[in-house]
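This report goes through a structure for a reader who has not seen it before. The sequence and the model come first, and the description follows.

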Amino acid sequence: MGAAMTEAGLFLLDLLLVLTLLCLAWWSLAATDLFKGIVLFIAFGLVLALAWVRLDAPDVALAEAAIGAGLTGALLLTTLSKLASSIDNPPAKRSSPVLLWVLLVMLAAVLGYAIMSLPQQAQGLADTVASQMGNSGVEHPVTAVLLNFRGYDTLLEMAVLLLALIAAWSLAPRAATSCEMDEALTVSPIVLALFRMLIPLMILVAAYLLWVGAHAPGGAFQAGSVLAAAGVLALLCGKRLEGRLAGWPLRLGLVLGTAMFVAVAAAVMVGGAHLLQYPLASAGKLILLIEAAATFSIGLTLAMLFSGQRPSRGPAS
Amino acid sequence: MWNSLSIVLIMIGMVFFIAGTLGLLRFPDVYTRLHALTKADNVGLGFLVAGLMLQADSLTTALLLLLIWVLVMLAGAGAGQLVAQAALQRQHPVAKSQDDGRGHD
């Protein structure tokens with residue numbers, strides 16, 4: 001009786017999650033007001049994180065909530081605030097509804113076929129991963145896959161993040177000098193109080209997520225995005241990098257993660273191993289080293305993406 | 001005994017959330033809606049967390065739940081003030097009380 005009721009309750013919860021996701025996605029896309037669209041997108045990300053929890057994927061849920069909803073939302077909002085003056089939303093030109101429907105049906109057919117052709121009971125790679133866990137140097141299968149078995153993918157992801165920042169910097173104008181900025185910015189004392197209380201906690205949480213990644217959900221990307229959130233909060237409080245840190249120390253921090261990854265990946269080859277094939281005895285330490293550097297760089301890169309401007313090297317305020 | 005207390009606490013929490021949602025949908029202006037929303041967040045979540053703490057396996061879990069409540073209150077209080085400030089700056093109208101509204105509009 002009790003088990004059946006729990007089952008039914010969970011089914012209802014899942015149904016509610018799916019319906020909410022579909023509605024939020026539709027409203028977010030259909031919103032003519034960009035601000036409303038972004039807020040709905042953030043809500044969509046948070047509900048999606050819940051859906052990942054229901055799918056027993058807490059790692060993905062953490063990443064979705066922190067990066068998908070949180071930081072992407074912040075990036076979209078800051079972009080919108082920069083767009084506001086230059087664009088006044090011309091009404092979208094509607095293409096023929098017949099064409100639209102044909103495309104929609106085709107897309108649905110392809111996706112439906114893809115889902116239907118999946119095997120009912122997939123073996124997946126879970127058993128393979130489980131049997132190799134002893135060789136990974138960590139105890140959490142997701143971290144083992146991301147940093148060891150498929151380390152190459154994560155290495156390239158780090159490089160992509162760096163490329164994104166380089167692209168953003170090459171498009172954006174240099175930051176205004178610090179004097180101009182101070183005039184434009186009046187920070188509420190409430191935000192400053194929040195800043196003082198939350199920053200130490202956020203740094204602590206980032207360190208915890210990094211450390212716990214070895215044996216439980218967590219890791220560099222989640223930790224890095226918490227660090228980036230601290231950076232975003234600092235930027236919102238009007239804190240800027242000092243001029244003497246905005247030059248090569250900043251650039252060093254940005255490439256540290258990728259550089260460390262490449263260095264470790266290449267260094268193990270000296271001992272005759274393949275690229276990224278960590279020696280078993282030190283695998284855990286090497287992974288922690290890479291993840292610590294990656295966390296720092298991810299946090300810095302995402303915060304810099306939020307500010308959207310190359311910090312000026314002028315005298316500090 | 002603990003179970004029933006936990007259920008009662010969670011139910012009270014849910015009442016606050018439902019009232020908060022109703023207020024968010026039905027109240028006339030930004031400021032009163034904020035009031036409804038933050039009330040649900042602070043008090044409703046407080047009852048929920050208290051109910052869940054009774055169900056926690058370990059003291060750590062219970063304390064973590066408590067920490068979540070404190071953090072949500074911090075964030076809620078901060079965000080509530082910010083939204084109200086932004087609304088004031090943009091001169092969002094304050095809804096008049098109903099008698100007033102009938103008299104003048």
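## Salt bridges

Over all chains, a search of the whole structure finds 2 salt bridges, a salt bridge being a side-chain nitrogen of Lys or Arg within 4 Å of a carboxyl oxygen of Asp or Glu. The model is predicted: local features need pLDDT of at least 70, side-chain atom pairs count only at pLDDT 80 or more, and totals for chains, interfaces and linings use all residues. Residues are numbered from 1 along each chain as its sequence is written, chains are lettered from A and ligands numbered from 1 in the order in which they are written, and side-chain values use heavy atoms, with hydrogens and water left out.

| Salt bridge | N to O distance |
|---|---|
| A:Arg54 and A:Asp14 | 2.7 Å |
| A:Asp153 and A:Arg150 | 3.2 Å |

A:Arg54 belongs to helix 2 (residues 34-54) of chain A and A:Asp14 to helix 1 (residues 2-30) of chain A, so this pair ties together parts that are 40 residues apart in sequence. Helices are DSSP runs (H or I, at least four residues), numbered from the N terminus. A:Arg54 is partly exposed at 32% relative accessibility, and A:Asp14 is partly exposed at 26%. Buried means under 20% relative accessible area, exposed over 50%, and partly exposed in between (1.4 Å probe, protein chains only). In the other pair, A:Asp153 is partly exposed at 33% and A:Arg150 is partly exposed at 47%.

## A buried threonine

A:Thr301 is part of helix 12 (residues 283-307) of chain A. A:Thr301 is buried, because its relative accessible area is 3%. Leaving aside residues up to four places away in sequence, A:Thr301 touches A:Leu161, A:Leu165 and A:Leu254; contact means heavy atoms within 4.5 Å.

## Where the chains meet

The contact involves 6 residues of chain B and 7 residues of chain A. About 570 Å² is buried between the two chains, with carbon and sulfur atoms giving 89%; this is the accessible area (1.4 Å probe) that two parts lose on being put together, summed over both. In chain B, B:Leu71, B:Leu74 and B:Leu82 lose the most area to chain A, together 55% of what that side buries. Between chain B and chain A there are 0 salt bridges.

## Confidence

The predictor gives the complex an ipTM of 0.79 and a pTM of 0.80. Chain B averages a pLDDT of 86, and 91% of its residues score at least 70; pLDDT is the predictor's confidence in each residue, from 0 to 100. Over residues 100-105 of chain B, pLDDT stays under 50. Where pLDDT is low, the predicted coordinates should not be read in detail.

Definitions and conventions. Helix = DSSP H or I, 4+ residues; strand = E, 2+ residues; numbered from the N terminus.
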